[in-house]
Amino acid sequence: PLILAFPIGAESELSGVVDVLNRKAIRFPAKDDKGNDTMGSLVVEEEIPADLQDKADELYNELVETVAESDEALLDKYLGGEEITIAELKAGIRKLTIAGELYPIYAGSAYKNIGVQPVLDAVVDYLPSPQDVEFIEGMDVKDEDVVVKRKPAPTEPFAALAFKIAAHPFFGRLTYIRVYAGRIEPGDQILNASKGKKERVSKIFQMHSNKEQPVESASAGNIYAVIGLKDTTTGDSLSALDAPMLLDS
């Protein structure tokens with residue numbers, strides 16, 4: 001584990017976090033200047049409190065040493081007294097995280113809307129994207145012992161997994177899918193490889209909480225809500241008609 005953010009205060013006194021990497025304090029005031037509830041949307045960056053500075057310095061030094069020891073070029077810079085940049089540290093943290101050799105630790109409270117933004121930034125900065133995976137592996141529909149591979153690219157045959165079914169007050173049945181490979185558009189016909197049935201996509205949305213945004217296509221690496229899939233249920237594999245593939249649900 002590598003601590004990248006630790007709390008300012010505790011329990012009812014929790015007011016923010018210290019960003020170890022960027023060496024600053026981040027507070028999340030509950031009210032804005034007009035007295036309105038901020039719901040965590042107001043982010044204020046400031047100097048690290050004096051009583052937490054020693055801890056922040058210690059954790060920063062541990063961070064630099066951990067990253068430097070994993071890369072020969074960075075280790076040479078570190079031992080030579082050169083400063084390792086934020087970009088180099090981020091790249092090192094990401095490399096170690098993807099390899100499973102390091103686990104970034106963040107502090108915060110979802111209940112109090114404190115520290116949420118740094119965690120979301122860390123997801124973007126350090127966790128692997130679909131493009132970091134060389135192949136997606138699935139099974140042949142006729143013989144599950146046969147491995148089928150797809151690159152996580154929109155140019156590959158379509159492959160997706162239905163992971164949630166929901167009801168929409170206006171559109172009716174929504175099927176949430178994660179697209180692993182390929183690309184589809186409204187009006188396209190696809191195969192439910194799990195059931196051996198053809199389905200037609202009528203509309204595609206990207207969802208933001210309970211609000212939908214229509215999109216012109218669904219492509220690899222993203223999550224969508226689809227209308228028109230009548231026979232698809234949670235855990236079903238969806239494929240191109242001419243390239244069926246079963247995904248592990």
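Is Phe205 buried or exposed, and what is its relative accessible area? Phe205 is buried, with a relative accessible area of 2%; here buried means under 20% relative accessible area, exposed means over 50%, and partly exposed lies in between (1.4 Å probe, protein chains only). The model is predicted, so local features need pLDDT of at least 70 and side-chain atom pairs count only at pLDDT 80 or more, while totals for chains, interfaces and linings use all residues. Residues are numbered from 1 along each chain as its sequence is written, and side-chain values use heavy atoms, with hydrogens and water left out.

A pair of aromatic rings is described by the distance of the centres and the angle of the planes. Rings of Phe, Tyr and Trp (its six-membered ring) pair if their centres lie within 6.5 Å, and planes under 30 degrees apart count as stacked, over 60 as edge-to-face and the rest as tilted. By this rule there are 3 aromatic pairs. One of them joins Phe170 and Phe171 edge-to-face, at 4.9 Å centre to centre and with 80° between the planes. Phe170 is exposed, at 69% relative accessible area, whereas Phe171 is partly exposed, at 24%. The ring of Phe171 also pairs with that of Phe205: the centres are 4.9 Å apart and the planes stand at 45°, so this pair is tilted. Because Phe171 lies in the loop between strand S9 (159–168) and strand S10 (172–181) and Phe205 in strand S14 (residues 203–208), the pair ties together parts that are 34 residues apart in sequence. Helices (H or I, at least four residues) and strands (E, at least two) are DSSP runs, numbered from the N terminus.

A charge sits over a ring if NZ of Lys or CZ of Arg is within 6 Å of the ring centre and within 35 degrees of the ring normal. The charged end of Arg23 is placed in this way over Tyr60, 4.0 Å from the ring centre, and that of Lys164 over Tyr176, at 4.9 Å.

After H3 comes Gly100, with a positive phi near 75°.
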